[in-house]
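Here is a briefing on a predicted model. Please look at the sequence and structure first, then read the notes by topic.

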Amino acid sequence: MDDIPPYPPIDPTTFDLIVIGTGLPESIIAAAASTASKSVLHLDPNPFYGSHFSSLPLADLPSFLSSHSTSPSPPRSPSSDDPNEFSLLEFATRPLYSFIDISTFSPNLLDQHSRKFNLDVAGPRVLFCADKSIELLLRTGTNQYMEFKSVDATFVGDNKGNLWSVPDSRAAIFKDKSLGLVEKNKLMRFFKLVHGHLAGEQDVKISEEDLQSPFVDFLNKMGLPPKIKSFILYAIAMADYDQEDTGVCRDLLKTKDGIDQLALYNASIGRFQNASGAFLYPIYGQGELSQAFCRRAAVKGCLYVLRMPVTALLVDKDTGCYKGVRLASGQDIFSQKLILDPTFKVTLPLGSSPPLPLKEKLPFFSLKDDKGKIARGICITKTSLKPDISNFLVVYPPRSLFPEQVTSIRLLQIASNLAVCLPGMFVLYISALCNDDDQGKKLIHAVMNTLLTVPLDSESNAAVQSETAEIGSAVQDETSESSSGGPSDSGEEKPTLLWSALYSQELTLGQVDFICSTPMPDGKLNYNDLIDTTFKIFQEIYPEEEFFPETSLENPEVDGDASPET
Amino acid sequence: MHGRPRKAPKPEEEAASVAKAQKLRALQTQFFSFHHNKIYTKEAVELSAKLLEINPESYTAWNYRKLAVEHYLSQPDCNPDWIKSVLDDELRVVENALRQNFKSYGAWHHRKWVISKGHSSIDNELRLLDKFQKADSRNFHAWNYRRFVAESMKRSEQDELKYTEDMIYKNFSNYSAWHNRSVLLSALFEKKAEGFLSKEKVLPEEYEFIHQAIFTDPDDQSGWFYHLWLLDQTVTTDSPLLASSWPGHGYDVFLVEDRCYNGSAFSPFTALHSDSGSFPIVLYFNQPVGGVSSSTVTVECGFNKNEDLLWKPLSASNSQTARVWVAHLKIPSSDLLSTVEVSVGHSKGIISTRGFEYSHPSMFSFKVHVQPMERDFFQVSVAESISLREENFKIYGSQSEESIINSFNQLSIKNGHESTASNWRSEALAKEIECFRELLSLMDCKIGKLTLARLLMAYDVMSYPFANKLVHSEEVLELCSDLMKLDPTHYQYYKDEHSMVLLQKVTSSKESLLQHCFQYKDSVSSAICGPICLRLSNLSLSRMGAFEKLLWVQMLDLSHNELQSIEGLEAMQLLSCLSLRNNKLRSLTALEPLRKLKLLRVLDISYNQIGDHSIDTTRYLCSSPLSHSVGSESNKDETVTSDVALIDNWEAFYIFKDFNLNQLEIVGNTIADEKFKSVLVKIMPKLKQLDGKLLG
């Protein structure tokens, strides 16, 4: 902490917009506002970009999580005796992470190489080749700051540790060895039906009545067997909740939405020539996305200051209108608009009413955090879960691991060829929606126990220690063939866990109320919903401005430019 | 490169095209002057390269370059380095040309030519091919060239097989990849490569593989093509077999001079009248064979020398291979009872068109009885013309049931030797049948129905010798009728299949066949007379088949059908009386098979469509006086005839000149006007009766 330099003074002191926090939504808004010729100051109390969307070195992740897990300190009494004409409303932090559980089974190795890891705080996450994030990257030219690689396959897992490849295309159905001939035929005909419907072919139109019905009912109507239904619902349409148990399903997918998901998936496959699967993952981790949009904003004149905590909000004493913020340096900076990271909340002094002009605005996001939580897990291993393939997604549909499992569990394995870990190692990101911490822990553990060997703390530590040296030397050898997984492991043996982090994250939504605040990472696999929300927030603060107008293109990009390097 | 819609050219594109044409024309003019003057200077050769880069289709330019290369290589001061640089230049020009158009025949050919010179590295070629197949994995030129390269490199078939598999996994709608697979497997079957197992082992795996494609996307054609190839590989036995013969094994053949043998002790099935002093022995193979002669087939009897027998192939084309072979035995003059033994294939030489040796030597024997002459049934007089009218037939419900059964059972040769090795074949077919029944239960699919029909037919044919009945014929007939409705474009094909199955069904059992057996009873004479007449009228047949079971037929009634062709009928060597009344024969050339029926005396082709169509398209399909195949056979002198009428009726002359007819009905055809009939009388001086009128 000593190496943090004294806060530099910021000049100028007045901006159109101040954005606090460099998470993806904030970064996109900063870039969009800069593009619309607004003067923007982008602050982050952290010494890195990305906030809750960042990718962190191994050692930094636990401290980041725990720093956001404390209860808010009770608001200090407002310093109403401020000499200026402003009232000060102090910022408090929300507890966003709970139940943080870090286990290290190979301390030496991982400590020494902490900086070689780039662990996503909001994993597992991928970009669909045809989704809104890719469109946004291409439209804004932000793709020039990033490189991607293909996530090569999707599997569906079962409670015996088997991984079944998801037949998600014509070629994959043909090649699949687990599907029977009849199943292949039915699945392909269903894909063709959807394709025909989307292409607007008259004779294959899906009726409006069907489109409004639950997707699962439609799949039943099409006579698809349970196995295929499960593939489509959870591994292609990426449904979160058990679609066949309306008692527990909080998010029943309609046919219309299911078909849209299939369309997105289908459009993603083969969009880029060197991406074999439907998904992309950024080299150096998901945190690169926030950083890339920040660069995009900086090019347009946005001013960046990291390691700059903000202590209080300045509001007009008379009108109660927002005026600016007070920085940890003591400097006051003024702006018309403010965007706030979900970390912060402004506590109104007891007894005082919120400023009237702002109160009149109707909130357009739900204020209640009733979306529950998401349990996340990060595991590091030295062998791939599947030989011959290093980057892939696994989905555990509801009830696939244990009867009370009501949500899908997703797992993403990323190898060192994406520069997220030491050569020869693999990072597994696991997540599942849950109601409370215990449920979440049970879900993540169920996957870990199915797929991994978790060393018992005391006795195995020695064994792991001795193994560590071996790994250390193996690491050097394997650098050249990092993607080949652990060649020494037989197929039967489960990879051994080296390190893990488990935590629950609040699914705080963005809100426009007294001030605008951005959402936490959601429970989805991609950024589509977050980008929608971000767009709405931008529209709310700048209703007159276009969100990245087409004319803002500096270098018109061709599709191929976004294709991952392989 | 497939499925891209063609766009109308924009004005600037058209302008560019005009400019290109101008440039090309200038280049071409200059090039031709070099070419004609045999100028092979560096400058001249470079010009041709420029031309080919713009237009890789310029064959002359490719040939010019070949000449130039030959010219360089024939120089006295030519050394290996020099040769290599010349040839490398050629490869580079080809590659540039292919970049312009990778489907240029000339360019690919030139590359083969250069590589065949043997001075260039062949490893580069596979790399180049990978590039082209990435651009278009179905480019058949690249596949073709790949086969050439693989052969030159001596790459193993297994490696190439693996390559096709990879390509198929990438996209199974790749006809070229499936095709190459069939080529490679055929080569391996032929070689019976070490470690590479027999058809028995490989075909079930291939079926499994193709099912994945067919079930995943039944609308994709490439898989069905490959399946058809697999079916063919399953059904066809390598070595040819003798399917049937006339006379059959154990026959008592009665050679009678008198056709009225009422009350005689012999069966009307096997009594044969002959006025030509000889009788035929017919061998019917399951596939076309060549090499049948008195050295490969031995006939032992008391009254003919084997060496004197001349075996002739019976086929529409005049090739030396045929399914049916015939030889004629001379009938001895006196009363005789003699046993004839025929052994087929005891010495090598009978070879199928696919190059496989006849490897199942077989033997059959029959007895020949000769009866003294009394009078000739076909000696047509006023009272005794043959009239195939309904009232003249009596169903063959004979009192001597026993003898019929015996004689029928003798009609086919059982091929016991075929049963042994073919278990896997019928098992494979049974599995396929089950599989496609399942597909059809999932969805309606025309090609699926057709495939099921083919499978069922093949299964029936294969199991017939053991089951002695065709269990699936009803189902196949239903599938064919279904397809005729579903797919009217190919109506005629399904109709033909329907006819074939129907005929097989009719001939499959004694009971069903007997329902079609009649005896001719003249309205004048009271006696039941003559041989059995097989009546297959009113069955809406569009094609004739099942010949191997019908070799014994002497009178055949095919009237009131929809026959457009009588292809294969030449196998029925004993036919003496044939009715094709009320069919859809469209031309005289359709009658060609009848030219080979030496015993045919009575023919009814009335009420067909001969002459309806001024253009006879069958001319292009079967041999006719206008095609080369006939030219060799026909005597040039015959064509030079002074008779104008004959010249105008070339086809009639060609078809009828060899006929030995007594009686012909041709009324009801557009062609059959009085003038034409007079021509016919001229062509066939022996004709005694035409359209019911006695001829003077």
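Chain B holds 22 helices and 19 strands. (Helices, H or I with at least four residues, and strands, E with at least two, are DSSP runs numbered from the N terminus.) Of its 696 residues, 53% count as buried, where buried means under 20% relative accessible area, exposed over 50% and partly exposed in between (1.4 Å probe, protein chains only). Take contacts in chain B between residues at least 6 apart in sequence: 67% of them join residues at least 24 apart. Contact means heavy atoms within 4.5 Å.

This is a predicted model, in which local features need pLDDT of at least 70, side-chain atom pairs count only at pLDDT 80 or more, and totals for chains, interfaces and linings use all residues. Residues are numbered from 1 along each chain as its sequence is written, chains are lettered from A and ligands numbered from 1 in the order in which they are written, and side-chain values use heavy atoms, with hydrogens and water left out.

**Interface of chain A and chain B**

- Chain A brings 15 residues to the contact, and chain B brings 22 residues.
- The two chains bury about 1500 Å² between them, and carbon and sulfur atoms give 60% of that area. Buried area is the accessible area (1.4 Å probe) that two parts lose on being put together, summed over both.
- Arg170(A), Phe174(A) and Leu181(A) supply 47% of the area that chain A buries against chain B, more than any other three residues.
- There are 4 salt bridges between chain A and chain B. A salt bridge is a side-chain nitrogen of Lys or Arg within 4 Å of a carboxyl oxygen of Asp or Glu.
- Lys192(A) and Asp219(B) meet through their side chains in a salt bridge, at 3.0 Å from N to O.
- On the side of chain A that touches chain B, α5 (170–175) and α6 (181–198) of chain A each supply at least two residues.
- α6(A) gives the most to that side, with 8 residues.
- The residues of that side divide into 6 nonpolar, 1 polar and 8 charged. Ala, Val, Leu, Ile, Met, Phe, Trp, Tyr, Cys and Pro count as nonpolar, Asp, Glu, Lys and Arg as charged, and the others, Gly among them, as polar.

**His211(B)**

- His211(B) sits in helix α10 (residues 199–216) of chain B.
- His211(B) counts as buried because its relative accessibility is 5%.
- Leaving out residues up to four places away in sequence, His211(B) touches Leu181(A), Thr216(B), Glu432(B), Cys435(B) and Phe436(B).
- His211(B) and Phe436(B) are 225 residues apart along the chain, yet their C-alpha atoms are separated by 9.3 Å.

**Domains of chain A**

- The domain assignment gives chain A domain 1 (17–94 + 283–365 + 509–541) and domain 2 (169–268). These bounds come from an automatic or database domain assignment.
- In chain A, 5 residues of domain 1 are in contact with 4 residues of domain 2.
- These two domains of chain A bury about 250 Å² between them, 44% of it on carbon and sulfur atoms.
- Lys524(A), Leu525(A) and Asn528(A) supply 78% of the area that domain 1 of chain A buries against domain 2 of chain A, more than any other three residues.
- The count between domain 1 and domain 2 of chain A is 2 salt bridges.
- Lys524(A) forms a salt bridge with Asp240(A), and their closest N and O atoms are 2.9 Å apart.

**Two buried serines of chain A**

- Ser133(A) is in helix α4 (residues 132–140) of chain A. At 5% relative accessibility, it counts as buried.
- The side chain of Ser133(A) makes a polar contact with the side chain of Asp131(A), at 2.6 Å.
- Beyond four places in sequence, Ser133(A) touches Leu127(A), Tyr527(A), Asn528(A) and Ile531(A).
- Ser408(A) lies in the loop between β18 (392–396) and β19 (409–415) of chain A. Ser408(A) is buried, with a relative accessible area of 5%.
- The side chain of Ser408(A) reaches the backbone oxygen of Ala239(A) at 2.8 Å.
- Not counting residues up to four places away in sequence, Ser408(A) touches residues including Tyr234(A), Ala239(A) and Asp240(A).

Note on methods
A polar contact is a pair of N or O atoms within 3.5 Å; within protein, one must be able to donate a hydrogen and the other to accept it, and residues adjacent in sequence count only if both atoms are side-chain atoms.
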